[in-house]
Amino acid sequence: MDQVEVFKALSNKTRLMILQWLKEPELHFPPQDRDIKEVGVCVGQIQCKAQLTQSTISEYLSILHRSGLIESTRIGQWTYYKRNEAACLELKQLIETSI
């Protein structure tokens, strides 16, 4: 885990909100065709909830993905995102022990 990249990713309110929404996606997003726990949330749903442009959401998701905090799954033309729980746990442990 690149600590600097992770903290840069967390330095934006909307990116933090996306991580919070993805923690319990069934509470924050409507049902979709795919299992939300298995593949994640469609990027279109995230965009609708955030009420930002597609290009802005794509950039935010890319930053979170590069930091390792979220994972993506591509199915056909759609991309789904979910939290990388292992990376979130690693971040939690880092904060508890080092910061």
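## A guided reading of the fold

At 8% relative accessibility, Ser 67 counts as buried, because the cut-off for that class is under 20% relative accessible area. This residue belongs to helix α5, which covers residues 54-67. A polar atom of the Ser 67 side chain lies 2.7 Å from the backbone oxygen of Leu 64. Once neighbours within four places in sequence are set aside, Ser 67 is in contact with Glu 5, Val 6 and Ala 9. The model described here is a predicted one.

Six helices and three strands make up its secondary structure. Their order along the sequence is α-α-α-β-α-α-β-β-α. The protein has a radius of gyration of 13 Å, close to the 13 Å that the globule rule gives for 99 residues, so it is as compact as a globular protein of that length. The C-alpha trace spans about 40 × 25 × 25 Å along its principal axes. Of the 99 residues, 36% are buried. The accessible surface comes to about 6,200 Å², and carbon and sulfur atoms account for 50% of that area. Among contacts between residues at least 6 apart in sequence, 52% join residues at least 24 apart.

The strands may be considered next. The three of them form an open sheet in the order β1-β3-β2, with antiparallel pairing. β1 (41-42) and β2 (70-75) are the edge strands, each pairing on one side only. Between β2 and β3 the antiparallel pairing extends over six bridges. Within this pairing, Glu 71 has Lys 82 of β3 as its bridge partner, while Ser 72 stands opposite Tyr 81 in β3. β2 and β3 form a hairpin with two residues between the strands, and there Gly 76 takes a positive phi near 65°. In a regular strand the side chains alternate between the two faces of the sheet.

Which helix lies across the strands β1, β2 and β3? It is α2, formed by residues 13-23, and its direction makes an angle of about 85° with β3. Leu 19 has its place in this helix and, at 7% relative accessibility, counts as buried. Apart from residues up to four places away in sequence, Leu 19 touches Leu 10, Leu 64, Leu 69, Ile 70 and Arg 83. One of these, Ile 70, is 51 residues from Leu 19 in sequence, yet the C-alpha atoms of the two are 7.9 Å apart in space. Leu 64, another residue that Leu 19 touches, is also the one whose backbone oxygen lies 2.7 Å from a polar side-chain atom of Ser 67.

Is Asn 84 buried or exposed? Its relative accessibility is 17%, so Asn 84 counts as buried. A polar atom of the Asn 84 side chain lies 3.1 Å from the backbone oxygen of Gly 68. Leaving out residues up to four places away in sequence, Asn 84 touches Gly 68, Leu 69, Ile 70 and Glu 71.

Note on methods
Residues are numbered from 1 along each chain as its sequence is written. This is a predicted model: local features need pLDDT of at least 70, side-chain atom pairs count only at pLDDT 80 or more; totals for chains, interfaces and linings use all residues. Side-chain values use heavy atoms; hydrogens and water are left out. Buried means under 20% relative accessible area, exposed over 50%, partly exposed in between (1.4 Å probe, protein chains only). A polar contact is a pair of N or O atoms within 3.5 Å; within protein, one must be able to donate a hydrogen and the other to accept it, and residues adjacent in sequence count only if both atoms are side-chain atoms. Contact means heavy atoms within 4.5 Å. Two strands pair if DSSP finds at least two bridges between them. Helices (H or I, at least four residues) and strands (E, at least two) are DSSP runs, numbered from the N terminus. Axes are lines fitted to C-alpha atoms, for helices over the stretch in contact, and angles run from 0 to 180 degrees between N-to-C directions. The radius of gyration is taken over C-alpha atoms; the globule rule is 2.2 Å times the number of residues to the power 0.38. Accessible areas come from the Shrake-Rupley method with a 1.4 Å probe; for residues, only the protein chains shown count as cover.
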